[in-house]
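Dear colleague,

I am passing on the structure we spoke about, together with a short account of what was found in it. Please look it over when you have a moment, and keep the account beside it as you read.

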Amino acid sequence: MSAKFLKSAFRPSDIPESDKPQIATMGRSNVGKSSLINHLAGVKNLARVSAMPGLTQALNLYEFDGRYLLVDLPGYGFSEAARSRGKGFETMIEDYLAGSPRLKLILLIIDGRHELQESDRFVLNQLTEEKLPFVLVFNKVDKFSPSEAKQSMKKISDQYPTITIIPHSIKNNVGFGELRNAIEKAVRKAAS
Ligand code: GDP
């Protein structure tokens, strides 16, 4: 596994032209997105683990194994700016999702300890409506007992029966293989 930071793009058109498939990560601030990217890359400091949530308003691009781009979307939430435009979330995320034919899988990450927020539901509905391929990463699962985790995930799957939920934690490696497999499958499918 080799992973390197390519660049921060401030609009989707700044993403370098490339045939490589794209895997995107998205989630609200503090769900553990940067930690998960570092974990996937097998290095400590590829993505910044931020003490100041919500500051990164860029698409951060990483190249994994020379095979695919990981596009880390800015943490979403309903900012005042987005609200005043009557939009659910940032235009940059929307633009990226709408105009990226090489996007093959989205890892939508939530902090399992918190209920699905209004913004998470908005994104879930958007992705489903747009028929974009995604899995829901139920993160920080180490904070739960196995039965609690199961119960919380069931609550989500009762509401969203068609989505794939992957429990994950960087603390005990739970879900790591499943996440890697989902990415691998999407990258292979793109190549075939
Ligand atoms: P981001 O804002 O989504 O990029 O989140 P970070 O990666 O900066 O992580 C936010 C906080 O959650 C940090 O204090 C991390 O140490 C913590 N964190 C990240 N992943 C996990 C996990 O799997 N389990 C637990 N218990 N904490 C985690």
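How many helices and how many strands are there in the protein chain? In this model, which is predicted rather than determined by experiment, the protein chain has 6 helices and 7 strands, and along the sequence they follow one another in the pattern β-β-α-β-β-α-α-β-α-β-α-β-α.

As for the chain as a whole, 46% of its 192 residues are buried, and its accessible surface amounts to about 10000 Å², with 49% of that belonging to carbon and sulfur atoms.

Which atoms of Lys 33, Ser 34 and Ser 35 face the oxygen atoms of the ligand? For Lys 33 it is a polar backbone atom, which lies 2.8 Å from an oxygen atom of the ligand, whereas for Ser 34 it is an N or O atom in the side chain, at 2.6 Å from a ligand oxygen. Ser 35 likewise has a side-chain N or O atom 2.6 Å from an oxygen atom of the ligand. On its own the ligand has 580 Å² of accessible area, and the protein covers 81% of this.

Notes: Residues are numbered from 1 along each chain as its sequence is written. This is a predicted model: local features need pLDDT of at least 70, side-chain atom pairs count only at pLDDT 80 or more; totals for chains, interfaces and linings use all residues. Side-chain values use heavy atoms; hydrogens and water are left out. A polar contact is a pair of N or O atoms within 3.5 Å; within protein, one must be able to donate a hydrogen and the other to accept it, and residues adjacent in sequence count only if both atoms are side-chain atoms. Accessible areas come from the Shrake-Rupley method with a 1.4 Å probe; for residues, only the protein chains shown count as cover. Helices (H or I, at least four residues) and strands (E, at least two) are DSSP runs, numbered from the N terminus. Buried means under 20% relative accessible area, exposed over 50%, partly exposed in between (1.4 Å probe, protein chains only).
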